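Good morning, and thank you for joining. I would like to take you through one protein model, moving from its overall figures to individual residues.

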Amino acid sequence: MSSKGPQPYGVNGSRYGAIDHKAIKEREKRKLELLQQRSQAHNDTLERIEKNTKSSKQKDWLPVSGSFPRLIYETENKMDTFYNPKVPDAPCPNDMKYGEQQRKTIESYGVFLPFKDKTRYSPSRGYDIVVEDQFTLPAKEHFKRMRNLGKGAISFSMLGETKNLFSKMVDKFERNEGGYYMHPLLDDAMKKHETTTTFHKSLKECLGENIKNGELSRDILNISSSYMKTSGKGAPLPQFQTKSLDVIKGTVLTVHGIWAMKVYAEKMEYKGNQVRGVFKYDIQDHFGLNSKDIDHKISSGEMPFEWLEGFRSWYLLQHYIGYGYQPFITKIGFKL
């Protein structure tokens with residue numbers, strides 16, 4: 001036996017071998033990578049749980065937070081735009097003005113100038129004579145002609161539940177009282193109209209895209225206004241259309257397009273990007289004409305309504321300084 005006892009391990013007389021720093025770094029690196037993998041797996045699991053929880057909640061409709069009713073859409077045109085003849089230059093839609101035009105101005109309107117005197121040649125006199133001066137007819141005669149637009153076997157108001165409304169509105173016009181006109185049949189007709197359905201569908205899609213964490217965007221009025229004008233997303237305002245049966249139901253005569261509209265959400269719920277609730281529509285139009293209604297050009301391809309004496313009578317009754325009957329605002333309201 002050796003008297004020196006057990007021999008040392010390693011090199012240079014050391015019991016332990018040289019420290020392998022590279023191997024240690026590799027082991028620490030693997031440990032760190034393993035910890036990172038476990039941490040990521042843990043985070044992924046938490047994320048899946050959170051998503052599943054949200055998904056589970058969205059199986060039900062949830063209330064949109066905030067105070068209601070809330071204005072969610074309005075047109076650029078404002079409501080209650082009455083004309084004040086004492087301030088004739090104040091901003092006002094032309095179809096709400098009355099008694100503000102001279103004969104010379106009106107005679108310049110329309111295809112073939114139909115407001116000018118009707119004449120015929122008189123053989124006995126050897127020159128044209130005036131058959132009719134529309135500017136001097138009694139108002140009663142003009143109202144008779146105006147009402148004829150909604151009468152007869154073929155007229156602008158011959159079918160449907162709304163066919164008699166035009167006559168009622170002419171009665172109000174003849175009373176020269178201005179103000180407002182409302183009728184439940186107009187409310188119902190606009191509520192059920194296909195253009196209203198299209199508009200409402202697009203508006204709800206806009207609302208659904210702008211709910212975050214259960215809250216509707218604070219800027220929803222600007223957002224909805226821009227959205228509804230965007231091609232491929234939005235939709236035109238509800239309206240009664242000339243190229244449809246509306247034209248013989250009286251609704252084109254009484255309303256046609258609308259001037260201003262506000263939509264309020266009285267109650268709203270959401271599920272994902274879907275929205276439902278109770279929505280209140282407030283709509284206004286003007287029972288009046290402007291020069292564009294009776295001043296067409298042959299090249300326009302539009303129907304020259306100035307050729308119909310009923311429309312000429314309507315315009316004269318409203319705008320000619322010799323008559324000056326007040327138009328009025330038609331109010332339509334409903335909930336969807």
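Let me begin with a definition: a residue is called buried when its relative accessible area is under 20%, exposed when it is over 50%, and partly exposed in between, using a 1.4 Å probe and the protein chains only.

Some conventions come next. The model is predicted, so local features need a pLDDT of at least 70 and side-chain atom pairs count only at pLDDT 80 or more, whereas totals for chains, interfaces and linings use all residues. Numbering runs from 1 along each chain as its sequence is written, and side-chain values use heavy atoms, with hydrogens and water left out.

How confident is the prediction? The predictor's confidence in each residue, pLDDT, runs from 0 to 100. The protein has a mean pLDDT of 86, with 84% of residues at 70 or more. Over residues 9-16 the value falls below 50, and this stretch has 8 contacts in the model beyond near neighbours in sequence, a contact being heavy atoms within 4.5 Å.

Turning to the overall architecture, the protein contains 9 helices and 10 strands. These are DSSP runs numbered from the N terminus: helices are H or I with at least four residues, and strands are E with at least two. Of the 336 residues, 37% count as buried. Among contacts with a separation of 6 or more, 71% are between residues 24 or more positions apart. The accessible surface is about 20,500 Å², and carbon and sulfur atoms hold 52% of it; such areas come from the Shrake-Rupley method with a 1.4 Å probe, and for residues only the protein chains shown count as cover.

I turn now to the interior. Which residues of helix H9 are buried? They are Gly 310, Phe 311, Arg 312, Ser 313, Trp 314, Tyr 315, Leu 316, Leu 317, Gln 318 and His 319. With 10 of its 11 residues buried, helix H9 (residues 309-319) is therefore largely enclosed by the rest of the structure.

Thr 196, in helix H6 (residues 194-209), is likewise buried, at a relative accessible area of 0%. Leaving aside residues up to four places away in sequence, Thr 196 touches Met 190, Lys 191, Pro 238, Phe 334 and Leu 336. Tyr 270 belongs to strand E8 (residues 260-271) and is buried at 14% relative accessibility. Between Tyr 270 and Gly 214 there are 7.6 Å from C-alpha to C-alpha, although the two are 56 residues apart in sequence.

Next, the charged pairs. Side chains of opposite charge can pair when their charged atoms come close. A salt bridge here is a side-chain nitrogen of Lys or Arg within 4 Å of a carboxyl oxygen of Asp or Glu, and the whole structure has 17 of them.

One joins Arg 103 to Asp 117, at 2.8 Å from N to O. This pair links distant parts of the chain, 14 residues apart: Arg 103 is in helix H2 (residues 103-107), and Asp 117 is in the loop between H2 and strand E3 (118-122). Arg 103 is partly exposed at 23%, and Asp 117 is partly exposed at 29%.

Another salt bridge, at 2.6 Å from N to O, connects Glu 132 and Arg 145. Glu 132 lies in strand E4 (residues 127-132) and Arg 145 in helix H3 (residues 139-147), 13 residues apart. Are these two residues, Glu 132 and Arg 145, buried or exposed? Both are buried.

Finally, some backbone details. The peptide bond from Phe 68 to Pro 69 is cis, with omega near 5°, and Pro 69 sits in the loop between strand E1 (62-63) and strand E2 (70-74). Two residues other than glycine have positive phi: Leu 113, near 50°, and His 256, near 60°. Leu 113 is in the loop between H2 and E3 and is partly exposed at 35% relative accessibility. His 256, with which I began, lies in the loop between helix H8 (251-254) and E8.
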